[in-house]
Amino acid sequence: MRSPLVAGVATAMAGSLVASAGVAQDAFPKRAVGLWEVRGVSAQASGLAPTRFCVGESTDSATSHLDRSVGERGACTLGAFKRAGTAWLAESVCRETRSTVVSRAIATGDFDSEYRIDTLVTYDPPLGGVRREDKEAIVARRLGPCAPGQKPGDMVIPGMGTLNMVDGSFRAEAEPGARKSGPAGRTKQSR
């Protein structure tokens, strides 16, 4: 996930990055258990419906947190979020035949009721010969407990269905007006 970010802020924050020597619970950002609404706030995300994500006790871990799995993914290296003062910083690098794409994210908030992730993506050489960077942002707020039937890791994507970010399973959204089977095989219109 990417977001609007002032390059000067990113540079200043990156310069203040200090390796966390604190207790294990400070090794990565951990959201409160419950249902979170995640919304893109950049110009590119304008008009998109928010997703809803069910966070469980072990959804956020050292290897997978804030909907990001750390490690090598093909030509990409996805870095973990690391403490930098009151914020968290992460960097990912993807190398392709013609360019290097670097993504720097800053996460802020209390992670009990809200958080925000601002991301600056740079392209070297510039994408299409002209595009040097993209800026994106997401904001998230805790809505309360997860909905009945949801399991930790479930991400509800409006108009598509539910993708579980832990086990990779997908449940398609029921089509509007779909018919359900009642007793003895009779059908009835969904309400």
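**Entry: a hairpin to start**

I began at the hairpin of strand 13 and strand 14, which has 5 residues between its strands and where Gly 168 takes a positive phi near 80°. Strands here, like helices, are DSSP runs numbered from the N terminus (H or I, at least four residues, for helices; E, at least two, for strands). A note to myself: this is a predicted model, where local features need pLDDT of at least 70 and side-chain atom pairs count only at pLDDT 80 or more, while totals for chains, interfaces and linings use all residues. Residues are numbered from 1 along each chain as its sequence is written, and side-chain values use heavy atoms, with hydrogens and water left out.

Strand 13 and strand 14 (residues 170–172) run antiparallel, joined by 3 bridges; two strands pair if DSSP finds at least two bridges between them. I then went back to strand 12 (residues 154–157), which runs antiparallel to strand 13 (residues 161–164) with 4 bridges. That hairpin has 3 residues between the strands, and in it Gly 159 has a positive phi near 85°.

Which residue is the bridge partner of Val 156 in strand 13? I found Thr 162. Thr 162 also has a bridge partner in strand 14, namely Arg 171.

I looked up pLDDT, the predictor's confidence in each residue, from 0 to 100. The protein chain has a mean of 81, and 76% of its residues reach 70 or more. Where is confidence lowest, and where highest? Helix 1 (residues 7–15) is lowest at a mean of 33, and strand 9 (residues 100–109) is highest at 97. Residues 1–24 have pLDDT below 50, and the model gives this stretch 49 contacts beyond near neighbours in sequence; contact means heavy atoms within 4.5 Å. Residues 180–191 are below 50 too, with 13 such contacts.

**Entry: the chain overall**

I count 1 helix and 16 strands in the protein chain. Of its 191 residues, 34% are buried (under 20% relative accessible area; exposed is over 50%, partly exposed in between; 1.4 Å probe, protein chains only). Of the contacts with a separation of 6 or more, 48% are between residues 24 or more positions apart.

**Entry: aromatic rings**

My search of the whole structure gave 2 aromatic pairs. Rings of Phe, Tyr and Trp (its six-membered ring) pair if their centres lie within 6.5 Å; planes under 30 degrees apart are stacked, over 60 edge-to-face, and the rest tilted. Trp 36 and Tyr 115 are tilted, 5.4 Å centre to centre with 50° between the planes. Trp 36 sits in strand 1 (residues 34–40) and Tyr 115 in strand 10 (residues 114–127), so this pair ties together parts 79 residues apart in sequence. Phe 111 and Tyr 115 are stacked, at 5.4 Å and 20°. Trp 36, Phe 111 and Tyr 115 make one aromatic cluster. Phe 111 and Tyr 115 are buried, and Trp 36 is buried as well.

**Entry: the cores**

Next I checked nonpolar cores, sets of buried Ala, Val, Leu, Ile, Met, Phe, Trp, Tyr and Cys residues joined through side-chain atoms within 4.5 Å. The largest has 17 residues, and those with the most contacts inside it include Trp 36, Phe 111 and Tyr 115. Strand 1, strand 9 and strand 10 are among the strands that each supply at least two residues of this core. Leaving out residues up to four places away in sequence, Tyr 115 touches Leu 66, Thr 108 and Ile 138, among others. A second, separate core of 5 residues includes Cys 76 and Val 101.
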